[in-house]
Amino acid sequence: DSWCHLVSGLRSRRCLVVGIINGTDANLQIKSTKLLEGGSPCYSLPTSEFYDDQGLLGPGGAIIYFVWGNPPNLNNHGDIFLNVETNAFTADFGGNKSTNSNYFPRCGHQLQFLEKSFDPSGWWAKFWVMSTKV
């Protein structure tokens with residue numbers, strides 16, 4: 001029932017989900033996740049290969065980030081923009097098709113977008129990316 005209140009009615013909020021898979025044979029250090037635009041904390045759901053105290057995502061591990069925006073109003077569209085920085089890449093994820101999603105791989109790494117899904121009405125976006133070595 002709380003999901004219905006989150007995405008409908010007068011207090012509707014745009015949602016963004018980003019999944020990251022470590023497709024390398026080494027640890028992926030997640031240095032930071034910054035919600036540059038939005039109205040929520042950055043929630044994460046990691047697999048057992050994630051070591052929270054060091055921010056390390058082990059080989060084959062995955063982590064999902066979930067954020068949402070502020071309720072739209074006359075002054076604010078309620079957009080979402082998430083930045084993720086790791087030792088293998090830096091990536092920006094936007095909550096709608098008109099917002100560019102950019103990534104910048106570090107030397108020896110590449111980032112593959114496995115999925116980019118957008119709600120046609122603009123209320124949610126979902127990304128799955130995998131970090132691999134070149």
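Buried residues make up 41% of this chain of 134 residues. Buried here means under 20% relative accessible area, exposed means over 50%, and partly exposed is in between, with a 1.4 Å probe and protein chains only. Before I go on, a word on the source. This is a predicted model, where local features need pLDDT of at least 70, side-chain atom pairs count only at pLDDT 80 or more, and totals for chains, interfaces and linings use all residues. Residues are numbered from 1 along each chain as its sequence is written, and side-chain values use heavy atoms, with hydrogens and water left out.

Overall dimensions next. The C-alpha atoms fill a box of roughly 45 × 30 × 20 Å along the principal axes. The accessible surface comes to about 7400 Å², and carbon and sulfur atoms hold 52% of it. Those areas come from the Shrake-Rupley method with a 1.4 Å probe; for residues, only the protein chains shown count as cover.

Now the elements. The chain has one helix and 11 strands. Helices (H or I, at least four residues) and strands (E, at least two) are DSSP runs, numbered from the N terminus.

On to the sheet. Five strands form an open sheet in the order S3-S6-S1-S11-S10, with mixed pairing. Its edges are S3 (43-46) and S10 (109-118), each pairing on one side only. Neighbouring strands are turned by 15° against each other on average, direction ignored. The axes are lines fitted to C-alpha atoms, for helices over the stretch in contact, and angles run from 0 to 180 degrees between N-to-C directions. Two strands pair if DSSP finds at least two bridges between them.

Look at S6, residues 62-68. Four bridges join S6 to S3, antiparallel. There, Pro46 stands opposite Ile63. S6 also pairs with S1 (residues 15-22), again antiparallel, over seven bridges. In that pair, Ile21 has Ala62 as its bridge partner. How enclosed is S6? Five of its seven residues are buried, so S6 is largely enclosed by the rest of the structure.

Pro41 lies between S2 (28-37) and S3. Pro41 is partly exposed, at 45% relative accessibility. Beyond its neighbours within four places in sequence, Pro41 is in contact with Phe66 and Val67. Contact means heavy atoms within 4.5 Å. Pro41 and Gly78 are 37 residues apart in sequence and 15 Å apart in space, C-alpha to C-alpha.

Then Ser101, in the loop between S8 (89-94) and S9 (102-105). Is Ser101 buried or exposed? Ser101 is buried, with a relative accessible area of 17%. Not counting residues up to four places away in sequence, Ser101 touches Asp92, Phe93, Gly94 and Phe127.

One last figure, for the whole chain. Among contacts between residues at least 6 apart in sequence, 59% join residues at least 24 apart.
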